[in-house]
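Subject: Structure handover

Hello,

Here is the structure, with the sequence alongside. Please open both before reading on. My notes follow below.

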Amino acid sequence: MLKDLTTDQIVLAQFMSELSEKAYYAGWISSLEYALWQVVLGQRGDYGYLTLSSEDAVKLRTLSEACGGWIVFDHEREETWLPISDWETRFLSWQTSHPAAGIDG
């Protein structure tokens with residue numbers, strides 16, 4: 001939940017949610033955290049109805065670095081911060097199980 005996050009974590013969560021709204025008209029679309037990390041890594045530029053710019057990628061990376069992690073959505077705890085090492089492990093596992101993600105979304 002946002003109330004459990006630090007200020008830097010909240011700023012990242014809110015920016016991610018804004019991008020979700022622009023892409024799919026939803027506050028947090030399923031797998032948003034993975035798609036936006038692909039943007040950070042330069043693996044994708046389009047997401048839903050949104051074309052993300054290099055500035056968006058830089059802002060996501062900068063906000064992630066500021067809070068030392070990434071935001072994921074947990075159905076019980078809602079927006080949840082993970083340390084970057086935990087996030088990278090989770091992302092690599094997801095990417096292995098979703099090899100076409102980013103091509104079609």
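Contact here means heavy atoms within 4.5 Å. Helices (H or I, at least four residues) and strands (E, at least two) are DSSP runs, numbered from the N terminus.

This is a predicted model: local features need pLDDT of at least 70, side-chain atom pairs count only at pLDDT 80 or more, and totals for chains, interfaces and linings use all residues. Residues are numbered from 1 along each chain as its sequence is written, and side-chain values use heavy atoms, with hydrogens and water left out.

**Helix packing**

Two packed helices are described by the angle between their axes and the distance between the axes. Axes are lines fitted to C-alpha atoms, for helices over the stretch in contact, and angles run from 0 to 180 degrees between N-to-C directions. Angles under 35 degrees count as roughly parallel, over 145 as roughly antiparallel, 65 to 115 as roughly perpendicular and the rest as oblique. For residue classes, Ala, Val, Leu, Ile, Met, Phe, Trp, Tyr, Cys and Pro count as nonpolar, Asp, Glu, Lys and Arg as charged, and the others, Gly among them, as polar.

Start with α2 and α4. Their axes come within 11 Å and cross at roughly 95°. α2 is therefore roughly perpendicular to α4. On the α2 side, the contact uses Glu33, Tyr34, Trp37 and Gln38. They meet Ile84, Trp87, Glu88, Arg90, Phe91, Trp94 and Gln95 of α4. By class, this contact has six nonpolar, two polar and three charged residues.

Next, α1 and α2. Their axes come within 11 Å, with a crossing angle of roughly 95°. That makes α1 roughly perpendicular to α2. α1 brings Met16, Ser17, Leu19 and Ser20, and α2 brings Leu32, Glu33 and Leu36.

Then α2 and α3. The axes are 8 Å apart and the angle is about 105°. These helices, therefore, are roughly perpendicular to each other. Leu36, Trp37, Val39 and Val40 of α2 meet Ala57, Leu60, Arg61 and Ser64 of α3. Six of the residues in this contact are nonpolar, one is polar and one is charged.

**The core**

A nonpolar core is a set of buried Ala, Val, Leu, Ile, Met, Phe, Trp, Tyr and Cys residues joined through side-chain atoms within 4.5 Å. Buried means under 20% relative accessible area, exposed over 50%, partly exposed in between (1.4 Å probe, protein chains only).

The largest nonpolar core has 30 residues. Those with the most contacts inside it are Leu12, Met16, Leu36, Leu60, Trp70 and Trp87. Two or more residues come from each of α1 (7-24), α2 (32-40), α3 (54-67), β3 (69-74) and α4 (84-97). α2 gives the largest share, seven residues.

Look at Leu36 in helix α2. Its relative accessibility is 0%, so Leu36 counts as buried. Leaving aside neighbours within four places in sequence, Leu36 is in contact with Met16, Leu19, Leu52, Leu60 and Trp70. Its C-alpha is 9.9 Å from that of Asp46, 10 residues apart in sequence.

Gln9 sits in helix α1. Is Gln9 buried or exposed? At 8% relative accessibility, Gln9 counts as buried. A polar atom of the Gln9 side chain lies 2.9 Å from the backbone nitrogen of Thr6. (A polar contact is a pair of N or O atoms within 3.5 Å; within protein, one must be able to donate a hydrogen and the other to accept it, and residues adjacent in sequence count only if both atoms are side-chain atoms.) Not counting residues up to four places away in sequence, Gln9 touches Cys67, Ile71 and Trp81.

Val11 is also in helix α1. Val11 counts as partly exposed, at 36% relative accessibility. Between Val11 and His98, 87 residues apart along the chain, the C-alpha separation is 28 Å.

**The loop between α1 and α2**

Most residues other than glycine have a negative phi. Tyr25 lies in this loop, and its phi is positive, near 55°. Tyr25 is exposed, with a relative accessible area of 63%. Ser31 lies in the loop between α1 and α2 and has a positive phi near 70°. Ser31 is partly exposed, at 32%.

Best wishes
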